[in-house]
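Biologist: I should like to go through this structure with you. Could we take it step by step?
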Amino acid sequence: MSTGTTKLDVVVSDVVPVNELVTRFHFRRRDGELLPTFSGGAHVVVEMRDGDRTRLNPYSLMGSPLDTREYTISVRRDDVGRGGSLFMHRSVNPGLEMVVSYPVNLFSLDLRAKKHLMLAGGIGITPFMAQTAQLAGSGGNFELHYTCRTASLGTYADVLQERYGRRVRLYHDDRDERIELDRLLSSQPLGTHLYVCGPTGMINWVRERAAALGWPAETVHYEHFAAPQPGLPFDVTLAVSGKTIRVGEQQSLLEAMEAAGVDPPYLCRGGVCGQCETNVVSYDGKFIHNDHWLSEEDHRSGCKIMPCVSRFEGKSLVLER
Amino acid sequence: MGITFRKETFRDDFTFNNSPEHIRRFPFPFHEDSYMYAVNIEPHVVGPKGSVLENLIDVDEHYVAEMQDRALVLAEDPLRCQSLPHMTLAGWDLLELLMEQQALGYPEHFTLTRDGDRWRWINRPLGIDDTFTFGDTSTLPYGPMEYITRQSQGDFCILDQRDGNLWMDAGMVTTQADWSLDFDIGMNFFEWHAPVPLAHEKGIFVRALKFLTNIQQGKPARRLNWTMTINPRLDTSPENYHKWGPDRATVTPENLGDKVHLRVELQSFWRLPRSNGIVFPIRCYLIKMGELVTQPKWARRLHRVIRDLPEELATYKGLTRYRPTLVEWLSKLDDGSATSPGFGPD
Ligand code: FES
């Protein structure tokens, strides 16, 4: 993966079950040095060597950016996904040597903000763990609203409440508690920035309400990693490298290219950064676009695809790679 | 064994000179006998020993004199150093980067010791030994950016990244080639690049911006830029045009070897870890024609480059007035023989 970020050789220093779905992983550098500093909202791409296949998944760093002795990530088990989270849960134990990328931040704080209003849903809490730690360390003004299915699935809710008290507000689906979004968005001081990370539906809802209530687009920030979805296998011809490859059911198109020795650039592997954008030379079939980078018009045109998350069904697909 | 720092000036009596070793390490910017504007960005990785790329942040024999010149500029015009309020964290990032790199590259001159957030910084050439708390501005005599850039060669622009754009929200700019921080502060990438000719097609800038916003931590990049300056004047700012502009009319064949300088800017681009900002150090290297032509290959090549430079570029770089005199002067050193490939002297 020469085209991605610089790599860090790490060792798993701890594995901590957090609740029935989420497990936390701690990484230290194998050479004992400090890890690179990062900013709240950054992610790393974790390389998972699972037999003869390698998956590369992005996870938000959730430790304090002020402490770089270790990196911590939290992984939610996804029983119907492509197996990356299951691999982490089942096969990653303390002492395992792994490789992670340098941190990359596609969800950074706008430090001009007078106040940071954060909305988290479910596992979308992780980037806010680091952001709140960063802001708390520098006297920043923030408020966090966190929705989860049940109290026992409220990952880190207890930690956050203990650290930040009334700056954290919890909402439990099973108790029918809902963020009063319109009221919340209408009562913020001038200079507030809004951050949202959670399920797609939540992100869309928040962005849509914010726009309707007159929030300028540059004050609304969202983190929207789409995990690559499994799907039917399909064949692709790579016109530049002159190869034909098969994308397996549990593989992403990007992973299949990498397995064939073709290395498109990437940063997020989640359809948001735009790095892996690839031109379509010709196709006969239908695209399954899962990215948040291309415009709807691009999607309709059939000229471009983001191989980190998107798939294809049909007779033939030729890409300019 | 350490660097012997020169005592010299970049104003008034202009005693600036390069030692013979420094002439040979000059970052000559032409790899062939012609020049065309291009976005020539490459990874900023360590280069050959004895070159200006031996360390990623270069310190050379002009360090002390340049820092003295910077202090003079700032005393006259404090607006050459500005940092919008949200950029303080990026200032700490830059302080860390420059202290680390200078201490790494030149341990005989700089030492950084850290004990948690208690840091001690020793800068022997400037006689500084300060202990401070990282992150606490009240423990330094200046803001973090100003503090460290008063001790680092080159100009520094710190850019905030937001809304898919870069914003010039902080900087220390005292050695610039004709642009003004005070004018550009708060502008975004497209606004501050507005006046470059020949590269005006927006496409180049859109691609450059895309590249820059994707600069990653641990993977800096760099490019070279060049112009010419009359007299070894570091500060050729628009604010001071009345001081340096008229110099261009003073070039004669007799004084040219001493007066006309090739000015090369080594720009590098780094992602800052805590603030997620980007810093552009813009390091300026000067060499007078008399020094440059001690390397016959460079003399022949420079002659061909300047002679064949498209008119618009010559105007943009401000060479029009003395170009004929310069070409004539250099032509005497060009026997027409081929030049070897690459930048370096033979
Ligand atoms: S790698 Fe970021 S969009 Fe594909």
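Biologist: Before we continue, what should I know about the model and its numbering?
Modeller: This is a predicted model, in which local features need pLDDT of at least 70 and side-chain atom pairs count only at pLDDT 80 or more, while totals for chains, interfaces and linings use all residues. Residues are numbered from 1 along each chain as its sequence is written, chains are lettered from A and ligands numbered from 1 in the order in which they are written, and side-chain values use heavy atoms, with hydrogens and water left out.

Biologist: How far apart are the end C-alpha atoms of helix H2 of chain A?
Modeller: They are 17 Å apart, which agrees with the 16 Å that its 12 residues, 126-137, should span. The expected span is 1.5 Å times one less than the number of residues.

Biologist: How many residues of H2(A) are buried?
Modeller: In H2(A), 10 of the 12 residues are buried, among them A:Phe128, A:Met129 and A:Leu135. Buried means under 20% relative accessible area, exposed over 50%, and partly exposed in between, with a 1.4 Å probe and protein chains only.

Biologist: What is the N to O distance between A:Asp110 and A:Arg112?
Modeller: Their side chains form a salt bridge at 2.8 Å, N to O. A:Asp110 is buried at 3% relative accessible area, whereas A:Arg112 is partly exposed at 32%.

Biologist: Which residues of chain B are linked in a network?
Modeller: Salt bridges link B:Asp93, B:Glu96, B:Glu100, B:Arg114 and B:Arg274 in a network.

Biologist: Now the strands: which way does S6(B) pair with S7(B), parallel or antiparallel?
Modeller: Strand S6 (residues 155-162) of chain B pairs with S7(B) in the antiparallel sense over 7 bridges, and B:Ile158 stands opposite B:Ala170 in S7(B). Two strands pair if DSSP finds at least two bridges between them.

Biologist: What lies between those strands?
Modeller: The hairpin of S6(B) and S7(B) has 2 residues between the strands, and B:Asp163 takes a positive phi near 50° there.

Definitions and conventions:
Helices (H or I, at least four residues) and strands (E, at least two) are DSSP runs, numbered from the N terminus. A salt bridge is a side-chain nitrogen of Lys or Arg within 4 Å of a carboxyl oxygen of Asp or Glu.
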